[in-house]
Structures are given as structure tokens and as C-alpha cells.
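Please have the viewer ready.

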Amino acid sequence: MPHQPLIVSGVEVTPLCDAVGPMGASILRPMAEMFPGADLPEEPWTLHFHCFLIRDPADRLTLVDTGIGAAGSPASSWAPVPGSLTGELAAVGVSPADVGTVILTHLHSDHASGAVGDDGTPVFADARHVLQRADLDVAGGQVLDQVITPLKDLLHVVDGDAEVAPGVRVHLTPGHTPGHQIARVGEVAMTGDLVLHPAQLADPAVRYVYDDDQEQAAATRARVLDGLRADRAVLATAHFADPFVRL
């Protein structure tokens, strides 16, 4: 079931739990290798896969990330599948046709695959799908074939920071991927994979082995977290057990 929503200035942000589970054996590594520089216990890392639904005062709906997708999605080699996003939406009274904007924080398979159903057609067929040009330019493999190609007529490609729905902005935060972006509404920042583990809140310099550019990701993380702390923002995280973290 969805977590309790957070309401900020009349805007409702609801975390949707697409899945919970560990990484599959194909990419699993010891924690010391996953987060070099962090003193973490060698125990299984259970990830929560969160998407976020934004409902503004005019009842417009924006979805941030689309999760893992169907059993045959590009995430199926390593993530708990199938994802349960559409069921989570139904639990809060929302159908895919109600969503007007989808923001993809980046094109990793556990964040974007749920945009396309197991029949190969867009799930959110009436929504603009917002992503950064820098991620689109490097898309390839299954994500290109199974996600981007079916969505080609629905894409809303941006370069850098932009308002993509009333009161909803995206901010380019490169490093995890070249076009990684976070979404911001009021004091709430939906951070995608800017921060993967709580250890990176304590020390943003802690690297993550699957960042495309670990040095850039660490610098971006430090800069963005400094700004969010100054704003006393709330992080809406993709993979923490508790989706909301107040800085």
C-alpha cells in the first residue's frame, strides 16, 4: 500500500512503493564495494523502489518515475519484478489515464521501465514524459528499444532546469547518469538516485559503484544537498525504507 502523503502548500506528494527487495545476483556486490569509503556492515541491502505522485490544488497529477515495470522489463535481470506501480496508483484512486505529466529522473531500468506495459505500449498514454537531453543522447540497449522507442511521441525533452508542470520544476543533477535530474515542488525534492544510501547524507563524498561518473556524482550530491539543507527541504528518496527525510 502507498505511504502516507505529505502535503505542502496545498500540494500532495504520495510515495508509491513499486517493490521492495535486494539486488539480483547479476549486479550484487559486497557493501564495501558498492559504497567505497563508507563503513557499512556486510549485510544484505534491501532496496525500496519508490515513485512519487504529485497532486496540485487544481487536481493535476504528475508522476515522478515509473519503477521496475513488468516481468520482462529491462530491469528483470536484477530487480524484484514485476513492479506494482499501477496497483499502488489504483489504491489512491488514480488510473494511468489521469496522469498528465511523467518525470523520469533518469533512464536506469528501475526508474523508467514502468512507463511501458508488457504489451509494449505506453502505460501513461496521455502524459508528457519529461527527461533530460543528456540522458536521451546516451540511451541504448533494452532501455532504448523497450522504453524510449515506444514513448517517442510522448517525450518532453529538456536541457537543464525547467518548470514542467505548474509549480513543478526539474533540476539537472548529473553524475549518476549524464542527464540525471531531481524534481522539486515547494520544499519537497524528489531525488531519484542523487542519494542511494543514508551514508551519503552523512558524507556526500561516499561514492556509489554504479554512478556513471563517481567524481561528478559526489560533487553534485554535495552541492545539491547543501542547497536543500539551506532550504530546510524534505527529500523524497527512491531507495530508502522511509521515503521522506527532512534535512
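This is a predicted model: local features need pLDDT of at least 70, side-chain atom pairs count only at pLDDT 80 or more; totals for chains, interfaces and linings use all residues.

Residues are numbered from 1 along each chain as its sequence is written, and side-chain values use heavy atoms, with hydrogens and water left out.

L63 and F124 touch the most other members of the largest nonpolar core, which has 24 residues. Such a core is a set of buried Ala, Val, Leu, Ile, Met, Phe, Trp, Tyr and Cys residues joined through side-chain atoms within 4.5 Å, where buried means under 20% relative accessible area, exposed over 50% and partly exposed in between, using a 1.4 Å probe and protein chains only. Two or more residues of this core come from each of β3 (46-55), β4 (61-64), α2 (85-91) and α5 (141-151). The largest share, 4 residues, is that of α5. Another core lies apart from this one, with 21 residues that include F52, V164, A165 and V170. As background, nonpolar side chains tend to be buried together in soluble globular proteins.

Now turn to L172, found in strand β9 (residues 168-172). L172 counts as partly exposed because its relative accessibility is 29%. Beyond residues up to four places away in sequence, L172 touches Q132, G160, D161, P178, G179, H180, Q181 and R223. The C-alpha atoms of L172 and D161 are separated by 5.7 Å, although the two residues are 11 apart along the chain.

Finally, step back to the whole chain. The protein chain has 7 helices and 13 strands, which are DSSP runs numbered from the N terminus (helices: H or I, at least four residues; strands: E, at least two). Its C-alpha trace spans about 45 × 40 × 35 Å along the principal axes. Buried residues make up 53% of the 247 residues. Among contacts with a separation of 6 or more, 68% join residues 24 or more positions apart.

Terms used. Contact means heavy atoms within 4.5 Å.
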